[in-house]
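These exercises concern the packing of one protein chain. Work through each task with the sequence and coordinates at hand, then read the solution.

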Amino acid sequence: TVSQVLVLGVALLLLVGLRQVVGHTRTGLAMRALSLNPTAAQLMGVNVQRMRVITFGLGSSLVGAAVAALSHWPSLARPIVSRVALGRAGAPLGITR
């Protein structure tokens, strides 16, 4: 349907936007450095607390967009929200075996 195509299009735009931010900006570089070694990132001049707040805000906004998009399909939203709730960082599908 049209709404499903719209949700897919918005999701792809958000995915490309996130990839651009994390891969091609100074903020993204600082986020990646912080995820690898917070102590070294701080010694290199990264404001660790600020980057954590930015990362949390970015992640929260993406989850909010996903929940808003999936609110039309509760049967689809339930397993996805479960994966997000039970998942861990670094697991692209949420739950690891």
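**Exercise 1.** Determine how α1 and α4 are oriented relative to each other, and which residues form their contact.

Solution. Step one is the axis geometry: in this predicted model, α1 and α4 pack at about 170°, and their axes are 11 Å apart. Step two is the classification: angles over 145 degrees count as roughly antiparallel, and α1 and α4 are therefore roughly antiparallel to each other. Step three lists the residues: α1 contributes Val7, Leu14 and Leu18, which meet Leu58, Leu62, Ala65 and Ala69 of α4. Step four sorts the residues of this contact between α1 and α4: 7 are nonpolar, with no polar and no charged ones.

**Exercise 2.** Work out the crossing of helix α2 with helix α4 and the make-up of their contact.

Solution. Start with the axes: those of α2 (residues 26-36) and α4 (residues 48-70) come within 10 Å and cross at roughly 105°. That makes α2 roughly perpendicular to α4, since the range for this class is 65 to 115 degrees. Next, take the residues: on the α2 side they are Thr27, Ala30, Met31 and Leu34, and on the α4 side Val48, Met51, Arg52, Ile54, Thr55 and Leu58. Sorting the residues of the contact of α2 with α4 gives 7 nonpolar, 2 polar and 1 charged.

**Exercise 3.** Repeat the analysis for helix α1 and α2.

Solution. The axes of α1 (residues 2-24) and α2 come within 5 Å, with a crossing angle of roughly 75°. α1 and α2 are therefore roughly perpendicular to each other. The contact joins Val21, Val22 and Gly23 of α1 to Gly28, Leu29, Met31 and Arg32 of α2. By class, the residues of the contact of α1 with α2 come to 4 nonpolar, 2 polar and 1 charged.

**Exercise 4.** Compare the length of α4 with its expected span, and list its buried residues.

Solution. First, the count: α4 has 23 residues. Second, the span: from its first C-alpha to its last, α4 reaches 33 Å, close to the 33 Å expected at 1.5 Å a residue. Third, burial: the residues of α4 that qualify are Val48, Met51, Ala69 and Leu70. Of these, Val48 and Met51 also take part in the contact with α2, while Ala69 belongs to the contact with α1.

**Exercise 5.** Is Ala41 buried or exposed, and what surrounds it?

Solution. Ala41 is found in helix α3 (residues 38-43). The relative accessible area of Ala41 is 3%. Buried means under 20%, so Ala41 is buried. Setting aside neighbours within four places in sequence, Ala41 is in contact with Ala33, Leu34 and Val46. For a distance check, take Met31: Ala41 and Met31 are 10 residues apart in sequence and 9.1 Å apart in space, C-alpha to C-alpha.

**Exercise 6.** Summarise the whole chain: which elements occur, and how much of the chain is buried?

Solution. Begin with the elements: there are 5 helices and 0 strands, in the order α-α-α-α-α from the N terminus. Then burial: 13% of the 97 residues count as buried. Then surface: the chain exposes about 7600 Å², of which carbon and sulfur atoms supply 68%. Last, contacts: among those between residues at least 6 apart in sequence, 30% join residues at least 24 apart.

Methods. Residues numbered from 1 in each chain as written. Predicted model: local features only at pLDDT ≥ 70, side-chain atom pairs only at ≥ 80, totals over all residues. Heavy atoms only, no water. Helix = DSSP H or I, 4+ residues; strand = E, 2+ residues; numbered from the N terminus. Buried < 20%, exposed > 50% of the residue type's maximum accessible area, 1.4 Å probe, protein only. Contact = heavy atoms within 4.5 Å. Areas by Shrake-Rupley, 256 points an atom, 1.4 Å probe, with all protein chains shown as cover. Axes fitted to C-alpha atoms, helices over the stretch in contact; angles between N-to-C directions. Parallel < 35°, antiparallel > 145°, perpendicular 65-115°, else oblique. Nonpolar A, V, L, I, M, F, W, Y, C, P; charged D, E, K, R; others polar. Expected span 1.5 Å × (residues − 1).
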